Amino acid sequence: MMNKRIGEVILSFENISLSFGGVKALTRIGFDVREHEIRAIIGPNGAGKSSMLNVINGVYHPQEGEIVFRGKSRRGMNTYESAKSGIARTFQNIALFKGMSVLDNIMTGRNLKMRSNFLLDALYWGPAQREEIAHRRKVEEIIDFLEIQHIRKTPVGRLAYGLQKRVELGRALAAEPSILLLDEPMAGMNVEEKQDMCRFILDVNDQLGTTIILIEHDMGVVMDISDRVVVLDYGKKIADGTPDEVRANQDVIDAYLGVAH
Amino acid sequence: MFYREAGQFKATYAEDNRIFPIRQDRIVFAFIIIFAFLGVPLLASIGLVSNYTFTAILTPFLIFSLAALGLNILTGYAGQLSLGTAAFMAVGAFASYNFMLRIEGMPILVAFMLGGLCAAGVGIVFGLPSLRIRGFYLAAATLATQFFIVWCLTKIGWFTNYSSSGVISAQKIAILGYTFESSMSKYLFVLSVVSVMALLAKNMVRSNIGRSWMAIRDMDMAAEVIGFRPMRTKLMAFAVSSFYCGVSGALFAYAYLGTVEPEGFNLDLSFRILFMVIIGGLGSILGSFLGSAFIVLLPIVLSITIQFLEHSIGLNLPSGIGSSIELMAFGSLIIFFLIVEPHGLARLWQIGKEKLRLWPFPH
């Protein structure tokens, strides 16, 4: 049933290599992402998962390799371009704007959709006000969806960890992304919070058709919700396939459990 | 007991987005505005507000508030530390002077605008280092602005119209044939400019541009990833902030001092305004006004206290000790605020309001 909705490849990587000085973070990584799928990237600590996400949304620029996004081939992305072309993300260590309210944080996610300039903003009149309210309406939909109505005016710095993660997801969703990158969305959460987060991710994927690329350490979650999984170890790809294929792969078992020498 | 928003329902987002969503706040604010525009002149007309109050307290308070507001946009909202505030004020003052001097029939408000725009231009140029450096290093770079601008204005005679002492006399403020001569009329003029600009600033910080500044301040990496462009955002903050400082510098010259020299805009002034922002509250429009009121009033209150002590208990202090005590009190208060309440008077006000909502009950 789930596979029916999955479409064509919209993002693919070929031979991506990234190094910092002498340290090789990624070595000739290649995989693809299909439209509407949930694609997980897993691997032990330091395997290069976050680096991979940073390559996708243009924070890091790979020294080698090619990214093909929606049929267009490019060496790397830059952050603005990737945001503009519909890639949003959340961070491993929450990167919210601590001094601002939940509402304002999510509103920032809509910045690329805002037209008015600072002079109109300063007058807060006519089109500027209408625009602000139109976007507010959209943001309220996200707030409803994530069930965080009660904290919309609270500064995010005061919120519990699990809620902050949820707000960060909200900020990413506000951009109405076509690809959503989630860096350990369930790290440090208790079981209920994890269940909520899974539900949100699946709903986003299902209702909005958003393609999701996900890094997660909780294997139960990964195997449960993702369509395909790519496994990295020491910056190299060691496996790629459906959860069942990956689970049975000997290299993956070795990477996680260690090998007898 | 009186400060409750129970029963005030907001049916539209427009209502919820208002500057003062709570009715009591709106009433208090309207009262303050009416009092400032009508009450103060009325009191003056029956002799309750003296000329001294206008020239030494109210007008400088408003002008410094505007400068503090400018710096607050840059430092409080956009998170870029600056020590060049006085330099931007100087640019505004001297540019306005030259526009008035060299262009026949230049309306004063346009001259102030142009002065502000010149300051904004200078702000953008000297804001360029902020793209690579931050924090104390940026502060050091803006320090260079401070010295460079004052040096330029002193050394290049054209700016001061080749006055031998470097002092310029600001032209009269006249709008549509009405000349603002009396201290009260100057106060009202400054009050109008400051009110409008404060409103514009408030609108900016509650809309997209303000959110972009705060996003860059709180987490620049995340701000970039969601599509804010750091260069544009930071330079915009420098431009808007410098514009505010520039206009306040022009008011400083035209409505407060009358005659100014480049040296009047020295590092001391920059620090004074930075202290206003720190004491008043970083990232708060209200804080800019509170900080300015605090720093304008503090010396006056201290000198009155010292005079009172001298008279009442016959305390005989050596002359000049008043200003030393003032400096000491000033320094200790800065340290006190940095430790106890880094968000300044504005935060204290906010905490007070939260307490007031519950009062007289504990929860």
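Author: Helix α3 (residues 51–77) of chain B packs against helix α12 (residues 285–312) of chain B at an angle of about 135°, and their axes are 8 Å apart. Axes here are lines fitted to C-alpha atoms, for helices over the stretch in contact, and angles run from 0 to 180 degrees between N-to-C directions. Helices (H or I, at least four residues) and strands (E, at least two) are DSSP runs, numbered from the N terminus. This is a predicted model, in which local features need pLDDT of at least 70 and side-chain atom pairs count only at pLDDT 80 or more, while totals for chains, interfaces and linings use all residues. Residues are numbered from 1 along each chain as its sequence is written, and chains are lettered from A and ligands numbered from 1 in the order in which they are written.

The helices α3(B) and α12(B) are therefore oblique to each other; angles under 35 degrees count as roughly parallel, over 145 as roughly antiparallel, 65 to 115 as roughly perpendicular and the rest as oblique. Contact is counted if the C-beta atoms, placed from the backbone, lie within 7 Å.

α3(B) also packs on helix α10 (residues 230–257) of chain B, at an angle of about 165° and again with the axes 8 Å apart. That angle makes α3(B) roughly antiparallel to α10(B). α3(B) passes α10(B) in a left-handed crossing.

One residue elsewhere in chain B can be followed from here. B:Gly123 is found in helix α5 (residues 108–127) of chain B. Among the residues it touches are B:Phe88, B:Phe238 and B:Ser242, leaving aside residues up to four places away in sequence. B:Gly123 has 31 C-beta neighbours inside 10 Å, so it counts as buried. The label buried requires 20 or more other C-beta atoms within 10 Å of the residue's own, exposed 12 or fewer, and partly exposed a count in between, with C-beta atoms placed from the backbone. B:Phe159 is 36 residues from B:Gly123 in sequence, and their C-alpha atoms are 18 Å apart.

Backbone geometry is the next item. Most residues other than glycine have a negative phi, and most peptide bonds are trans. B:Trp359 and B:Pro360 are joined by a cis peptide bond with omega of about 10°, and B:Pro360 lies in the segment after α14 (344–358) of chain B. In chain A, A:Glu147 is not a glycine, yet its phi is positive, about 55°. It sits in the loop between α6 and α7 (161–174) of chain A and, with 13 C-beta neighbours inside 10 Å, counts as partly exposed. A:Tyr234, also not a glycine, has a positive phi of about 50° and lies in the loop between β9 and β10 of chain A.

The two chains meet where 35 residues of chain A are in contact with 25 residues of chain B. On the chain A side, α6(A) gives the largest share, six residues.

Chain A itself comes to eleven helices and ten strands. Of its 261 residues, 42% count as buried. Six of the strands form an open sheet with mixed pairing, in the order β6-β7-β8-β3-β9-β10 (chain A). Strands β6 (87–89) and β10 (236–241) of chain A are at the edges with a single partner strand each, so one side of each has no neighbour in the sheet. Two strands pair if DSSP finds at least two bridges between them. Strand β3 (residues 38–42) of chain A is mostly covered, with five of its five residues buried. β3(A) pairs in the parallel sense with strand β8 (residues 211–215) of chain A over four bridges, and A:Ile38 has A:Ile212 as its bridge partner there. β3(A) also pairs in the parallel sense with strand β9 (residues 228–233) of chain A over four bridges, where A:Ile41 stands opposite A:Val230.

Definitions and conventions:
Left-handed = near helix turned anticlockwise from the far one by under 90°.
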